[in-house]
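Hi,

Here is the structure I said I would pass on. Have a look at it first, and then read my notes below.

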Amino acid sequence: MIADHGNPRPGHGSRLQCYDLTMSELVCVDRDAAGIARVTLNRPEARNALSRATCERLTAIARDLENDPGVRAVIITGAGDRAFCAGADLKERRGVSAAETAPYLAAIAGAIDAWARLPRPTLALVNGAAFGGGMELCLACDFRIAAASAVFALTEVRLGIMPGAGGTQRLPRLVGIAAAKELILLGRRIDAERARAMGLVMEVCAGNKLAAAGDNLMRELLLCAPKSVAQAKRAIDDGFDLPLEDALALERECYNVTLFSADRDEGLRAFAEKRPPQYTGR
Ligand code: COA
């Protein structure tokens, strides 16, 4: 389980704790008492590249977070100020033949899919380069806030491969096919402002304001009923590719989960009593 460090205010969590001692150098996670989990890719010397072991830890962490009812939202970022994540670990890959690459690809795609499937809202704080699998990890999050110095790219076609961990599917869904083709077919790098103009990033700020920008978003999320947010996320993510009729049926199914929740009663009561609601997630 993930350590709970007993601090109720987002942004004022305790010192970063490593998720588990044996892998402490790869990925760290900290959860405060408000239920905000902060995950940090922790290989700054390799620009937080996704080695196979890093991917396996990320997958394990995503599973733990998914099964932890106390988690309200998840932030992911990279250690250092150069990179969010430089994508697949190209040094590790160098000694691996094309035929032997399948488990590496499965590890990255598995980690990113596990991240995309998290039922709680996720935020990528992009503090530098987000390349290849690093950009694909961003795309699997619900929100992205970038430092002004951030650079995004799916560089794979310049490396003789192509995006293989969701990039060709999630990017066009987020920014449209024309912009996605510009990035994917050319391997072009874009800065944070261009990413914001495309709708990829919701906010750009100075690097030293990035954590605070993430905390502000978390404060806003904490005002919302957890079950409502989770069900709305499910309706959007699972409904997007369905025929409209099926998607609307899914929306109704998700809505009904909130309709019979204690938080729905609390929301109506708080409105009538002109006070802020106290949601419990039930
Ligand atoms: N895998 C393994 N190691 C990586 C890496 C990757 N994807 N990206 C960077 N590194 C390593 C470098 O080899 C270097 O190691 P060294 O100190 O032993 O030489 C170290 O990280 C620092 O890299 P450097 O390029 O000097 O840092 P930078 O801050 O100037 O630039 C990047 C950072 C991310 C812009 C640049 O490293 C880069 O373009 N990396 C390749 C990213 C990529 O194309 N990924 C897609 C993979 S499909």
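Together with Leu159 and Ile161, Leu90 makes a nonpolar surface patch of about 290 Å². Keep in mind that this is a predicted model.

Now for the ligand. The shell around the ligand has 17 residues, and those that come nearest are Arg47, Arg82, Ala86, Lys91 and Thr155. Sorted by class, that shell holds eight nonpolar, seven charged and two polar residues.

- Ala86 has a backbone N or O atom 2.7 Å from a nitrogen atom of the ligand.
- Ala88 also places a backbone N or O atom by a ligand nitrogen, here at 2.9 Å.
- Lys91 uses its side chain instead: a polar atom there is 2.8 Å from an oxygen atom of the ligand.

How much of the ligand does the protein bury? On its own the ligand exposes 880 Å², and the protein buries 65% of that. Two elements give two or more residues each to the shell, namely helix H2 (90-94) and strand E6 (129-131).

Stepping back to the whole chain, you will find eleven helices and ten strands. The radius of gyration is 19 Å, close to the 19 Å that the globule rule gives for 282 residues, so the chain is as compact as a globular protein of that length. Its C-alpha trace spans about 65 × 45 × 35 Å along the principal axes.

Cheers

Key:
Residues numbered from 1 in each chain as written. Predicted model: local features only at pLDDT ≥ 70, side-chain atom pairs only at ≥ 80, totals over all residues. Heavy atoms only, no water. Near = heavy atom within 4 Å. Polar contact = N/O pair within 3.5 Å; in protein donor to acceptor, adjacent residues only side chain to side chain. Areas by Shrake-Rupley, 256 points an atom, 1.4 Å probe, with all protein chains shown as cover. Helix = DSSP H or I, 4+ residues; strand = E, 2+ residues; numbered from the N terminus. Nonpolar A, V, L, I, M, F, W, Y, C, P; charged D, E, K, R; others polar. Patch = residues over 30% accessible without salt bridge, like charges linked within 9 Å, V, L, I, M, F, W, Y side chains within 5 Å. Salt bridge = Lys/Arg side-chain N within 4 Å of Asp/Glu carboxyl O. Rg over C-alpha atoms; globule rule 2.2 N^0.38 Å.
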